[in-house]
Amino acid sequence: MKPLRELQTVRYVSGPLLFLDRADHFRSGEEVEVVDPTGTHRRGEVLEVAGSHAVIEVFAGTAGLDLDTTFVRPSGELARAAVGRDLLGRMLDGTGTPRDGGPPLLPDELRDVNGAPLNPVARNHPAELIQTGISAIDGLNCLVRGQKLPIFSGFGLPAAELAALIATEAKVPGAESDAFAVVFAAMGITHREASYFRERLAESGALPRTVMYSSLADDPAIERLLTPRVALTAAEYLAFELGMHVLVLMTDMTNYCEALREVATAREEVPGRRGFPGYMYSDLASIYERSGRVRGRPGSLTQLLVVSMPDDDITHPIPDLTGYITEGQIVLSRALHRQGIAPPIDVLPSLSRLMNAGIKKGGSRPDHRALADQLYASYARGRELRRLVAVVGEAALSDEDRKSLRFADTFEAHYIGQAGKTRSVTETLDLGWTLLQVFDDAELKRLSPEALAEARKTGLRT
């Protein structure tokens, strides 16, 4: 005998969605079981309830479902995910089910994947650095505990390699190694990319402190909408309940937004810019704003997000809306990539709005801010002169201009370019002083006489 709440009133199927009648006892966000004609159970979630009608998203897709024989069984509970220290070292699919062949999970508890609202008064301001090992980030666009910082990348650029390098090499200066964890959420990646991430994590020895969620390209697209929320639920528990510093790496948010558009189209919603739903801003905000720090608790949750830009267009709706919500951006350059510079980070349009807060609270040196300003100014001047040389030729340049031109080339080759090797924050700052040796003191207008004198005293400048 079927439970009384079980429904067999599917009237319409569109893409990954089921439309039900007489479903007034369902509630939005509730988990359901969809049973197909063969008796196979599929997980689903209630997207919307309007009167006696409900919309169900089926995570495994709707292929093979029959209107007359398919029935839906509500669970009475919201979608939940396993959380706990036991997840560290595991590889899971986008819904939180193990895909590494290991034993079943032994979670501390199950939590709502949508998280709980955080009182703004309880938020603590992001502070203190996370050392990524990448000089273009650690030196000029620091990642700060509790920050959300996107990586804007064109298709074909090595954003995945950069994300993997940070996942394996990131550290929290001054924190114990077991107090730092990485939660890696991959959406719409290929089997080759998934294998690459697994191998990098295993080879580096970072796997025991990492939880990896992956929704592959041949998995149902609807699963991509759940992946970041499941990953953040696990990260929130590690950060705010267990007191760990958690870095959440998510790639690729463009695949997530494409899945969001697919669901909106199936629901026959009025499209917004480039066909994306009008609520995409608030949907992305519900993910990004789960980062931060909580007063009175030692842990932190930091997000580093990969966002692919179609046609390298930073004004595309996905990077555009992401930039409004997050605190800066790291931009990858196709021109630097063609020159063989890795990672090809273009530091001029890149920005970290919380850098000053990070370098004031330890993990860095007093000369960090002024040195970063001088490196940025000198490199910007060199880039400007490259355009001038294309018009008037190098013979028209002054000796000071030629120094700036050479500095730009050296800066790209040796400071931005790292060829897969990582540097500590101290090594990054020391390298910056070394590159500035080409200039006389009078040409370093962003450095005070006191800073230059201190650099000579410590041997950083000769």
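Modeller: Start with contact: it means heavy atoms within 4.5 Å. By that rule, and leaving aside neighbours within four places in sequence, I345 is in contact with I134, A136, I137, L162, I330, V331, L332, L336, S350 and I416.
This is a predicted model: local features need pLDDT of at least 70, side-chain atom pairs count only at pLDDT 80 or more, and totals for chains, interfaces and linings use all residues. Residues are numbered from 1 along each chain as its sequence is written, and side-chain values use heavy atoms, with hydrogens and water left out.

Colleague: Which residues touch the most other members of the largest nonpolar core?

Modeller: In soluble globular proteins, nonpolar side chains tend to be buried together. A nonpolar core is a set of buried Ala, Val, Leu, Ile, Met, Phe, Trp, Tyr and Cys residues joined through side-chain atoms within 4.5 Å. Buried means under 20% relative accessible area, exposed over 50%, partly exposed in between (1.4 Å probe, protein chains only). Here the largest core has 64 residues, and I345 and F411 touch the most other members. Helix α2 (residues 159-169) gives the largest share of this core, seven residues. Helices (H or I, at least four residues) and strands (E, at least two) are DSSP runs, numbered from the N terminus. Another core, of 56 residues, lies apart from it; L238, F240, V246 and V263 are among them.

Colleague: Is T70 buried or exposed?

Modeller: T70 counts as buried because its relative accessibility is 1%. T70 sits in the loop between β5 (53-58) and β6 (71-78). Its side chain reaches the backbone oxygen of D66 at 2.7 Å.

Colleague: How many salt bridges does a search of the whole structure find?

Modeller: A salt bridge is a side-chain nitrogen of Lys or Arg within 4 Å of a carboxyl oxygen of Asp or Glu. The search finds 36. One of them joins E289 and K148 at 3.5 Å, N to O. This pair links distant parts of the chain, 141 residues apart: E289 is in the loop between α6 (280-288) and β17 (292-294), K148 in strand β13 (residues 148-154). K148 counts as buried, at 5% relative accessibility, whereas E289 is partly exposed at 34%.

Colleague: What about D409 and R386?

Modeller: Their side chains meet in a salt bridge at 2.7 Å, N to O. D409 lies in helix α11 (residues 399-416) and R386 in helix α10, so the pair ties together parts 23 residues apart in sequence.

Colleague: Which residues are linked in a network of salt bridges?

Modeller: E109, R111, E241 and R297.

Conventions: A polar contact is a pair of N or O atoms within 3.5 Å; within protein, one must be able to donate a hydrogen and the other to accept it, and residues adjacent in sequence count only if both atoms are side-chain atoms.
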